[in-house]
Amino acid sequence: MSHKFVIVGAGLSGLSNAFFIKHFFPKAQITLVEQSNRVGGMIISNNRNGFICEEGPRSIRMGKYNRPLYHILNKIGLYKEFVPSIQQPYSYIYWNGKLNAVPLQMNLETISQFVQDNGSGDVFKLIKAYPKMLFKKLDTDNLGDYLELVLGRDLTEKYAESVFYGIYGESVYNLSKALCYQKSHMKGYDEQQISKDLSFDKDFEQARDQKLKGANSYRFKEGVESLPKRMHAYLQETYESDYKVKLNSKAKCIDLSRKELVVESREEQEEQRLNYDYLILNAPTHQLSQIMINSNLNKVGEMFRGVKCNTLVTRNICWDQKILPKEFKGFGYLINPKQQQVILGMVADSLSFPSQYPENATNLSVMSIYDVNDHVILSELSKHLGVKIPDPKEIVTKSWSKAFTQFSPGHQEEMKKIESELNAKSIIIGANNYTLAIPELVYLSYSKVKQLYL
Ligand SMILES: Cc1cc2nc3c(=O)[nH]c(=O)nc-3n(C[C@H](O)[C@H](O)[C@H](O)COP(=O)(O)OP(=O)(O)OC[C@H]3O[C@@H](n4cnc5c(N)ncnc54)[C@H](O)[C@@H]3O)c2cc1C
């Protein structure tokens with residue numbers, strides 16, 4: 001049987017799909033269609049005068065769900081360039097005009113601080129929950145899940161709020177639905193089963209255990225973008241003509257009866273038609289909506305259109321001196337949008353990955369909901385940190401328009417309907433639509449390809 005795969009999007013999802021397709025279908029012919037002039041999608045690392053500026057993801061979390069990614073890192077040899085994060089004792093939450101340190105492991109003291117700040121009468125409930133906090137083993141690395149386990153839903157929604165609002169700018173209720181959704185995909189994650197498919201070498205294991213010991217996240221010597229770049233180079237070198245990437249080519253619509261993807265290329269005058277046995281779509285939700293409508297799949301197109309998406313602006317700000325207050329010892333901070341600040345949060349890259357920055361330098365990534373002048377960001381930052389901030393050496397700004405899908409109640413069921421309708425037509429929706437972190441996204445790419453194989 002022939003296995004022609006056409007994949008839309010050469011971000012991490014598309015590249016991971018290609019990797020696992022070749023694993024399960026060695027004879028497959030793969031074509032990736034990418035509208036931009038590069039592979040990597042959201043993963044963009046720039047070296048600006050010695051400062052690694054991550055415009056998209058800045059680190060990859062360790063822990064559960066990493067096995068499929070480790071398998072890839074082993075194959076492409078990138079584990080030799082692991083850079084571990086330095087564990088910081090705190091994260092911070094900006095609350096009532098100041099930064100509050102939150103130990104990585106939530107404890108009664110921290111939570112009661114928020115209860116007091118809120119002036120509510122939940123102290124008794126917290127005291128009741130305390131024994132559970134002591135004795136309940138964490139079988140999750142998700143703070144929301146943990147709090148729910150020990151505090152119950154009501155209190156979690158109240159007190160996890162400041163943590164989660166900061167990132168998503170939406171209600172915790174919606175976010176908890178998103179987590180449920182994510183978990184429904186992660187439920188099939190079975191380390192033992194995966195290890196039968198995806199092995200890695202002793203060398204890899206040794207390097208990982210040595211280099212990443214004590215770290216909770218990692219990246220690579222030249223930044224996170226090494227991952228898609230190396231995957232692409234490996235796929236090209238190993239599979240030659242069975243693996244093709246068409247850059248500057250935009251997927252426009254699907255001819256369902258002929259099983260063809262219609263592609264508009266910036267370099268060629270005429271539309272191209274790519275015949276497929278399986279079509280995998282990793283474009284973001286709002287783009288999928290257009291592709292579906294162009295393909296007369298109006299119902300699915302409208303369903304995609306109904307998915308809300310968040311926009312985010314990231315700014316890498318670099319100084320050749322230390323600017324953080326001495327007592328600041330953390331990964332970064334988050335802000336509850338109810339506090340009405342332009343900034344949503346900050347990540348202290350140069351504290352987490354000091355070996356990647358010049359000595360005494362500072363590199364902060366600041367996230368905001370919308371774009372404003374640099375000086376507005378700098379003056380707000382200065383207020384949060386309580387220090388005077390000198391002029392930076394470099395500022396690298398990137399706007400992520402509608403980058404994050406945001407799930408609302410009932411959405412999970414809607415997405416399931418979309419998926420089953422499309423799967424019947426040999427069309428698979430990629431991991432992009434689930435707002436996942438890198439290890440989960442690679443796992444999902446693997447599990448979707450494996451489902452086709454089974
Ligand atoms: C600011 C930011 C910070 C993040 N931080 C982290 C982090 O610290 N850790 C972490 O684990 N994850 C993080 N993430 C999430 C992670 O980066 C993403 O989940 C992941 O990179 C998404 O990969 P993808 O391939 O699914 O999508 P994308 O990277 O968006 O790739 C989709 C590709 O499809 C192409 N495309 C779109 N439409 C078409 C079309 N019609 N035709 C052809 N091509 C098309 C796009 O050009 C793009 O290259 C972050 C994301 C952002 C934006």
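How many residues surround the ligand, and which are the closest? The shell holds 36 residues, and the closest are Gly9, Gly11, Gly41, Pro57 and Asn432, where a residue counts as near a molecule if its C-beta atom, placed from the backbone, lies within 6 Å of it.

This is a predicted model, in which local features need pLDDT of at least 70 and side-chain atom pairs count only at pLDDT 80 or more, while totals for chains, interfaces and linings use all residues. Residues are numbered from 1 along each chain as its sequence is written.

By class, the shell around the ligand has 19 nonpolar, 14 polar and three charged residues; Ala, Val, Leu, Ile, Met, Phe, Trp, Tyr, Cys and Pro count as nonpolar, Asp, Glu, Lys and Arg as charged, and the others, Gly among them, as polar. Helices (H or I, at least four residues) and strands (E, at least two) are DSSP runs, numbered from the N terminus.

Elsewhere, three strands form an open antiparallel sheet in the order S5-S9-S6, two strands being paired if DSSP finds at least two bridges between them. Strands S5 (60–61) and S6 (82–84) stand at the edges with a single partner strand each, so one side of each is left without a neighbour in the sheet. S5 pairs with strand S9 (residues 217–220) over two bridges, and isoleucine 60 stands opposite tyrosine 218 in S9.
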